[in-house]
Amino acid sequence: MPFKKKPVAPKKVVVPEKEATPLTTAAPVTDESEGGNSKNPELLRGFRDIMPEEQGKWNLVRDAVRRLADAYSFDRIDLPILERADLFLRTLGKGTDVVEKEMYVFTDPSNRSVALRPEATASAARAYINHGMLDRPQPVKLWYMGPMFRHDRPQAGRYRQFYQVGFESFGVDEPIVDAQLIVIGMQIFKDLGLDVKVQINSIGTSECRKAYLAELVAYFRQHRAKLSEDDKRRLQKNPLRILDSKEEATKELLEGAPQILDWLDEKSKEHFMKVLEFVEEMEIPYQLNPYLVRGLDYYSHTVFEFVLADDTGDSSQAALGGGGRYDGLVEILGGRPTPACGFALGLERIVKALEAKGINPPERRQPVVFFAQLGDAARRVGLKLFEEFRQSGIPVAEAFGKNALKAQLEAANKLGVPITLILGQKEVLDGTIIVRDMESGAQEIVDVKKAVSIVQRKLVPVALDKPAQI
Ligand code: HAM
């Protein structure tokens with residue numbers, strides 16, 4: 001795979017951003033009018049159902065992640081969806097969009113300020129401390145999958161409830177850990193058939209960031225008049241966030257702005273160079289992106305994002321995932337200083353990319369036998385017979401809810417099964433069952449106890465070798 005090392009231009013955003021309703025603890029949670037007077041029960045904006053017909057693609061992703069988590073010896077952890085709001089306020093950063101505008105914060109019945117988790121890295125670090133995982137052999141490698149919540153402006157690829165899978169590695173500060181996490185992310189995409197590249201940057205330690213930020217603020221102060229109110233506020237509160245700005249004017253200014261890479265201290269530079277060497281060694285296509293700072297404050301050193309290989313950087317919803325090193329996080333939460341690194345992928349965006357590429361899950365195994373019944377006694381036998389067939393690995397369809405034989409045979413025809421089993425009152429009394437060849441219409445009456453073996457013999461062997469279930 002070719003290396004692409006040239007720095008990329010700051011992202012251009014095509015859709016102008018409108019501010020979402022602020023949702024910090026101080027702001028009232030105002031529900032937007034979503035046409036709530038309709039007769040149908042309505043979903044909240046930015047929330048969605050993942051329908052049965054979509055589950056095949058979702059399972060492709062879930063299964064690939066599970067397989068690789070296992071292969072790379074990451075252990076699954078399930079973290080609560082609701083946490084003390086404070087956990088995120090302390091770790092993600094006061095001036096970040098996620099904390100300032102997007103958190104679902106409310107007071108629970110015990111009068112505690114709680115939040116629906118906007119991400120899970122802070123929770124993983126909390127769990128690492130709570131369960132004394134520092135005393136386990138390091139690194140402690142955890143992975144998770146589940147819903148996150150951010151009250152952002154909903155649009156394509158951006159939801160208020162969305163699913164992430166995340167990989168977090170605690171306890172080792174070696175650059176190879178960062179590199180292997182990038183490899184794992186890339187491997188997930190490769191397994192799924194998606195062509196993805198990595199954008200990568202280093203934001204060094206908090207010390208070298210301090211000197212850089214002073215320079216950055218001085219640069220933007222000279223151009224204050226061109227900044228939006230939002231960016232002026234960013235400059236004051238959390239200047240690094242200005243590199244994330246979606247304003248066109250700010251993005252133009254960024255081209256002449258000082259770059260963090262020039263302010264890295266020797267140790268940070270060395271760490272970053274080693275990560276890049278490993279990434280090159282693994283032939284991972286990457287781009288250095290000096291504007292990549294990520295939207296959360298806990299990062300240090302390496303930061304990275306996964307985007308589709310043909311991505312032009314026009315959309316702020318382009319990242320299929322992102323992550324980086326967060327060596328200070330465990331300590332912020334009161335634990336012993338613990339280096340750590342991780343990433344999370346957005347499942348909705350990955351599923352959308354699979355759809356766009358026409359990547360589909362294997363077909364569901366088609367039934368080869370239909371069971372038709374007449375009357376309740378036949379239903380009772382049918383329910384048992386269905387289990388016998390299922391246990392023998394023969395996929396059976398039924399229409400237990402239908403009574404008329406005609407309707408049931410129509411259903412069997414529609415499914416295109418080669419064999420239908422018919423059970424009426426008489427057959428129940430005789431302990432027999434009718435086996436109907438759907439193509440010729442020929443029927444024979446057989447001992448019900450032998451139904452499975454007879455059908456097994458009749459079926460063409462290939463019919464049972466169809467693709468496995470999703
Ligand atoms: P993040 O970049 O905020 O990082 O989110 C990771 C991914 O989640 C994004 O790249 C995107 O695919 C997806 N995502 C984020 N917001 C939305 C949304 N509103 N709708 C749909 N998808 C979304 C984190 O959350 C960090 N915890 C990642 C990490 C793990 N860093 C270290 N370890």
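Colleague: What does Val428 touch, not counting residues up to four places away in sequence?

Modeller: In this predicted model, Val428 touches Ala377, Ala378, Val381 and Leu423.

Colleague: Which helix is Val428 found in?

Modeller: Val428 is in helix 14, which covers residues 425–430.

Colleague: Buried or exposed, or partly exposed?

Modeller: Val428 is partly exposed, because its relative accessible area is 25% and buried would need under 20%.

Colleague: Let's step back. How many helices and strands does the protein have?

Modeller: The protein has 15 helices and 16 strands. It has 470 residues, and 51% of them count as buried. Among contacts with a separation of 6 or more, 73% are between residues 24 or more positions apart.

Colleague: Which residues touch the most other members of the largest nonpolar core?

Modeller: Phe170, Phe220 and Leu243 do, in a core of 54 residues. Helix 6, residues 206–222, gives the largest share of this core, with 6 residues. Apart from it there is another core, of 47 residues, including Val177, Met186, Phe189 and Ile200.

Colleague: What is Leu243 in contact with, leaving aside its neighbours within four places?

Modeller: Leu243 is in contact with Tyr212, Leu216, Leu254, Pro290, Tyr291 and Val293. Tyr212 and Leu216 are among the buried residues of helix 6.

Colleague: Which other residues in helix 6 are buried?

Modeller: Cys208, Arg209, Val217, Tyr219 and Phe220 are buried there too. The buried residues of helix 6 pack against helix 7 (229–237), helix 8 (248–254), helix 9 and strand 9 (300–308).

Colleague: What does helix 6 reach from its first C-alpha to its last?

Modeller: Helix 6 has 17 residues and reaches 24 Å, close to the 24 Å expected at 1.5 Å a residue.

Colleague: What about helix 5, how far apart are its end C-alpha atoms?

Modeller: They are 26 Å apart in helix 5, residues 175–192, which agrees with the 26 Å that its 18 residues should span at 1.5 Å a residue.

Colleague: Why call helix 5 largely enclosed by the rest of the structure?

Modeller: Because 13 of its 18 residues are buried. Just after helix 5 comes Gly193, with a positive phi of about 85°.

Colleague: How do the axes of helix 1 and helix 5 cross?

Modeller: The axes of helix 1 (residues 55–71) and helix 5 cross at roughly 135° and come within 10 Å. The two helices are therefore oblique to each other. Their crossing is right-handed.

Colleague: Which residues meet there?

Modeller: From helix 1, Leu60, Val61, Ala64, Val65, Arg67 and Leu68 meet Gln187, Ile188, Asp191 and Leu192 of helix 5.

Colleague: And at what angle do helix 2 and helix 4 pack?

Modeller: Helix 2 (residues 85–92) and helix 4 (residues 121–130) pack at about 105°, with their axes 10 Å apart. They are therefore roughly perpendicular to each other. Leu87, Phe88 and Thr91 of helix 2 make the contact with Ala122, Ser123 and Arg126 of helix 4.

Colleague: New topic, the backbone. Which peptide bond is cis?

Modeller: The one from Gln138 to Pro139 is cis, with omega near 0°. Pro139 is in the loop between helix 4 and strand 5 (140–149). Most peptide bonds are trans.

Colleague: What is phi of Ser73?

Modeller: Phi of Ser73 is near 55°, a positive value in a residue other than glycine. Ser73 lies in the loop between helix 1 and strand 1 (75–76), and at 46% relative accessible area Ser73 is partly exposed.

Colleague: And His301, what is its phi?

Modeller: His301 is not a glycine either, and has a positive phi of about 55°. His301 is in strand 9 and, at 11% relative accessibility, counts as buried.

Colleague: Last one, His271. Where is it, and what is it in contact with beyond its sequence neighbours?

Modeller: His271 is in helix 9, residues 266–281. Leaving aside neighbours within four places in sequence, His271 is in contact with Asp173, Glu174, Pro175, Asp178, His301, Thr302 and Arg325. His271 is buried, with a relative accessible area of 11%.

Notes
Residues are numbered from 1 along each chain as its sequence is written. This is a predicted model: local features need pLDDT of at least 70, side-chain atom pairs count only at pLDDT 80 or more; totals for chains, interfaces and linings use all residues. Side-chain values use heavy atoms; hydrogens and water are left out. Helices (H or I, at least four residues) and strands (E, at least two) are DSSP runs, numbered from the N terminus. Buried means under 20% relative accessible area, exposed over 50%, partly exposed in between (1.4 Å probe, protein chains only). Contact means heavy atoms within 4.5 Å. The expected span of a helix is 1.5 Å times one less than its number of residues. A nonpolar core is a set of buried Ala, Val, Leu, Ile, Met, Phe, Trp, Tyr and Cys residues joined through side-chain atoms within 4.5 Å. Axes are lines fitted to C-alpha atoms, for helices over the stretch in contact, and angles run from 0 to 180 degrees between N-to-C directions. Angles under 35 degrees count as roughly parallel, over 145 as roughly antiparallel, 65 to 115 as roughly perpendicular and the rest as oblique. A crossing is left-handed if the near helix is turned anticlockwise from the far one by less than a right angle, and right-handed if clockwise.
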